[in-house]
Amino acid sequence: MTNLHYEIVVAGGGHAGAEAALAASRMGCSTLLVSLRKDTIGQMSCNPAIGGQAKGHLVKEIDALGGEMGLAIDRTGIQYRRLNLSRGPAVHSSRAQADRKLYREYITGAVLNQGNLDFLEDAVVDLEVNGSHVSAAITEGGRKINCRCLIITAGTFLNGLIHIGRKKIPAGRMGEKPSLGLSEKLIALGFKSGRLKTGTPPRLDGKTIDYSRTESQYGDPDFPPFSFRSNSINGNKAICHITFTNQDTHRIILDNLDSSAMYSGQIKGIGPRYCPSIEDKVVRFRDKDRHQIFLEPEGLDTDLIYPNGFPTSLDEEVQKKAIKTVIGLEEVEFTQPGYAIEYDFFFPYQIYTTTETKLIEGLYFSGQVNGTSGYEEAAAQGLMSGINAALKIKNEKPFSLLRSEAYIGVLMDDLTTKSTEEPYRMFTSRAEHRLYLREDNADERLFKYGYKFGLIAEEHYQKFLEESAEQKKHRQSLKRLFIEVKKLPADFLNNGRTKITFEKALKVPGVGIDLLKEYDDALAELSGRILKKIEIEVKYQGYLERQMREIEKFDKLEHERIPDNFDYAFCKGLKTEAAEKLNRLRPATVGQASRISGISPGDITVLTIYLKKFKEGLRVALKEKEH
Amino acid sequence: MISYSEDTIAAVSTPPGEGGIAVVRISGKSSKQIADRIFRGRITPSEAGSHTVHFGKIVDPDSEELVDEVLLTVMWGPNSYTAEDVIEISSHGGQLVAKKILDLCLKTGARHALPGEFTQRAFLNGTIDLAQAEAVADMISARTDMSLRSAARQLGGNVSQTVASLGNKIRNLLALLEAYTDFPEEEMGHADIQKLTDDLNIIKDEINRLVLSYEEGKVLKSGLKLPIVGRPNVGKSSLFNRLLDESRTIVTEIPGTTRDTVSEFINIAGIPVELIDTAGIRTTGDVVEAEGIKRARKEIENADLVLALVDMTDPEILDDIRSLTEALGSVNYILLANKADLIDETMLEARKISLAEYNPLPVSAETGIGLEQLRDLIIKSAGIVKKSSLKDETIITNVRHRDALSKGLGFLDKVEQGLEEKASYEFLAFDLKNAVNALEEIIGKTTPEDILNKIFSQFCIGK
């Protein structure tokens, strides 16, 4: 057996693994990334896109903390769009089609060229634990890698099983072998696992598609880069197309439901409701006469098309027959059938909000092994794992984010307090402080952390500070600048005044900063990013101030810490099931406890009463235990 | 408040007084052992199945002396009222028997329950929610049939149900807005803003009605405080007694209660009214006539309504009225001219004209003249106009609930304002969420999952 020594080992080279390995090595720790294949680092297993509603927010946050995803998609995207622009700024989100191959190559390059970071083509199948601390990773190839931290980012590979109709293929992804054995080792160590399912559509040969009868969807010309550190994007170089299923498609699917792995009962894992298979959509929404399909190009030098909206585990022949009824796809050829995949995950109440497992120190779980879905959710956790593993090596305080400061905070808090019933995906409605957690201010919220950890370079941080100062200065100047009322939209009621301040003018519906900057040279010189921030700050001042007041109130409970050694069995008034749940999940704060499913407001009242007593010095029960 | 130990509690659960049966209730871990020790029947209580009833005898375990023949009802936790092991012993009526059985329970390991402690345990163990727990407390202190009915409705989850259904309607609106916000790429068309506005208004109207019902509810629950004030010898005590005679006296729990107390509850149209005879308040020291009203100062301050009494036969009645009304200031009062039976009709008409400015109601404590009118006036003056208490509408009797609803209503006003200003959905959702959270105290918390569940069941999401 070959013995290797690293401070941190990352098992898995997907979106979580890559971010974890990059962050850990950039923070100065000797890091090894172990993955089955060098040519699949950063592989997009499902749709070739980054961002989208709430996910765009995650990408911006990952970027502000010094992650790689934003930079990667800025370099390798082929169509960029801003979603929800008809709504307020908090729910604007960025989405991009990626060139699947370019994206993977970019991430692979970043990993292979990173100092402090080595790559090993192998698979982690076991781990050694010393006391309650991880001490080594064991690979399939018979290597023992001594380490202080091990980050597991196995994606859908743990006991992965692909279903196409009645056909079952053990695999981690189409064409790649699953990871066997590691699940069982972790279960033997005491971890509780479950089974989830996800699906993917067939891949189509674009040369066999008739686009003339489909709708075209173009990118947005003025798309601000995902990354605060990018100056530009790769550009809008591809077009997506939209087509629809019809009654014929639905009839074929309904007639052949028994061939669906989902409906024949062959699949035991639970799939996501927000990304249902086409058979699920047809069955559950029978009165809907059509379902839309987005034909997304997979890259610039390929004809591959990803039919977003058509994931399926039907028999391959049925898939073909059904999709050929769709307008424009009558003659379509498959390059790969759609499939469902079942995989093991570990219930995420077993990790802290830092992604470290509660059971074994130095062991971290990230991505789909925690029951999440999505590249962005995975990357966010990977980044948290990488940062926290590095902090552990340096003997520094662990890092977690509050729900009130980032979607990543919401993500980690939800994972550790909610029961997992389906793969977890981020939605803006999950964030109670949504009006504050915007794409446009991710840098204001998180750059300070990225900089502190050394993941944001000095030059970028200085630029950010300068921009912030400019923003502040010009926000104030709006109170002193005046604009003639006649220059504003005619329907504005001016109460007889001829001039009003820029600040007041900006609050008028339909008046944007772009109009005002025409009348002030200093404003006109500011970058679009700063102008936009000022506009948002003024236009939505009322709502934003109320949101901030709520955050203040909310954070009080978040800071009400529950001691690690607090014994819930001691709280006689608590329901037994509540006490058991709290003892199992061990929330760090009263705020977290209040969000655990099944914990009633009454339980929280009881808990706070005991906490108060506990903190006041009624520690007798505890002291007896110590002696 | 909270019991920090796991002890077993017992109490006589039927009201004091002579009744057909009396019930002793035991709750806690030792219930089984206690029953085993004092009950003699075909079965051993601890081996009985839950929710079964057994005939047997209660004996003193030390002497095997018979106390009574009883029915023993066992309900094992968690499926009991308190979620603990509960045993109820139904004995023959009479305080003495029940007291003896309770003593045996205390002797064999239980402790006497504090007032409301069974309910408190039920609440802490999660078998009833806060609204229900409060209703139980209200029910115990309910003083009339009407307030009992209101409390009973709340106990049955009436307030919880009504508000829960409102909360659910708000959640539906929220789910709609969130669906359009979170899934911009789905084919869903546009939200029907007109329907949304209409739904919002229906919800607001209902909450508004509930908030307004509180004043009525409060009266139902705690009753009206109604002192009778006036110069000596205007007939305060006579009026007090007359009103008592004409109405059923409610408070009879304490044996030996007699009319020489200064306050009594009477029932006017189902509303408990606490009538206070300020003449009955004895003060020490010299009390000059002009200060008659000062004696009652404290009573007046706490009053919902004052019965200001003057003497119709008094030649200086106008002066009396003036000093009385001046002393009452802004207090809500009904001016009554007593002894209306003692002057003839011409005189009465003359008085009415000369006193038109004050328009006192002529009454007679002696003959009962005007008392029917007085009762109507009392009900009207107390603001009980809608009489929804008589219908089966939910009434809010709890200030905490009223405040939660008012707060929720405030946020719904903001939603309405947002709709008028064509605010984007996430801002409307912000205030809808605040509204739902305000109601949380009554309906329990709403999680984002609740909203997502609604979205996924209503919309076909799938890009």
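**Helix packing and a strand residue**

A: In this predicted model, helix α6 (residues 158-182) of chain B and helix α16 (residues 448-458) of chain B have axes that come within 9 Å and cross at roughly 70 degrees. Angles of 65 to 115 degrees count as roughly perpendicular, so α6(B) is roughly perpendicular to α16(B).

Q: Which quantities describe such a pair in general?

A: Two packed helices are described by the angle between their axes and by the distance between the axes.

Q: Which residues of α6(B) and α16(B) meet?

A: From α6(B), the residues are B:N168, B:R171, B:N172, B:L174, B:A175, B:E178 and B:A179; from α16(B), they are B:I451, B:K454, B:I455 and B:Q458. By class, this contact has 5 nonpolar, 3 polar and 3 charged residues.

Q: Turning to chain A, where is A:R195 placed? Is A:R195 buried, exposed or partly exposed?

A: A:R195 lies in strand β14 (residues 193-200) of chain A. Its relative accessible area is 27%; buried would require under 20% and exposed over 50%, so A:R195 is partly exposed.

Q: What does the side chain of A:R195 reach?

A: The side chain of A:R195 reaches the backbone oxygen of A:N159 at 3.0 Å. It also makes a polar contact with the side chain of A:D344, at 2.8 Å.

Q: How far apart are A:R195 and A:G269 in sequence and in space?

A: They are 74 residues apart in sequence, while their C-alpha atoms are 4.8 Å apart in space. Beyond four places in sequence, the contacts of A:R195 include A:L158, A:L161, A:I270, A:E342, A:Y343 and A:F345.

Technical notes:
Residues are numbered from 1 along each chain as its sequence is written. Chains are lettered from A and ligands numbered from 1 in the order in which they are written. This is a predicted model: local features need pLDDT of at least 70, side-chain atom pairs count only at pLDDT 80 or more; totals for chains, interfaces and linings use all residues. Side-chain values use heavy atoms; hydrogens and water are left out. Helices (H or I, at least four residues) and strands (E, at least two) are DSSP runs, numbered from the N terminus. Buried means under 20% relative accessible area, exposed over 50%, partly exposed in between (1.4 Å probe, protein chains only). Contact means heavy atoms within 4.5 Å. A polar contact is a pair of N or O atoms within 3.5 Å; within protein, one must be able to donate a hydrogen and the other to accept it, and residues adjacent in sequence count only if both atoms are side-chain atoms. Axes are lines fitted to C-alpha atoms, for helices over the stretch in contact, and angles run from 0 to 180 degrees between N-to-C directions. Angles under 35 degrees count as roughly parallel, over 145 as roughly antiparallel, 65 to 115 as roughly perpendicular and the rest as oblique. Ala, Val, Leu, Ile, Met, Phe, Trp, Tyr, Cys and Pro count as nonpolar, Asp, Glu, Lys and Arg as charged, and the others, Gly among them, as polar.
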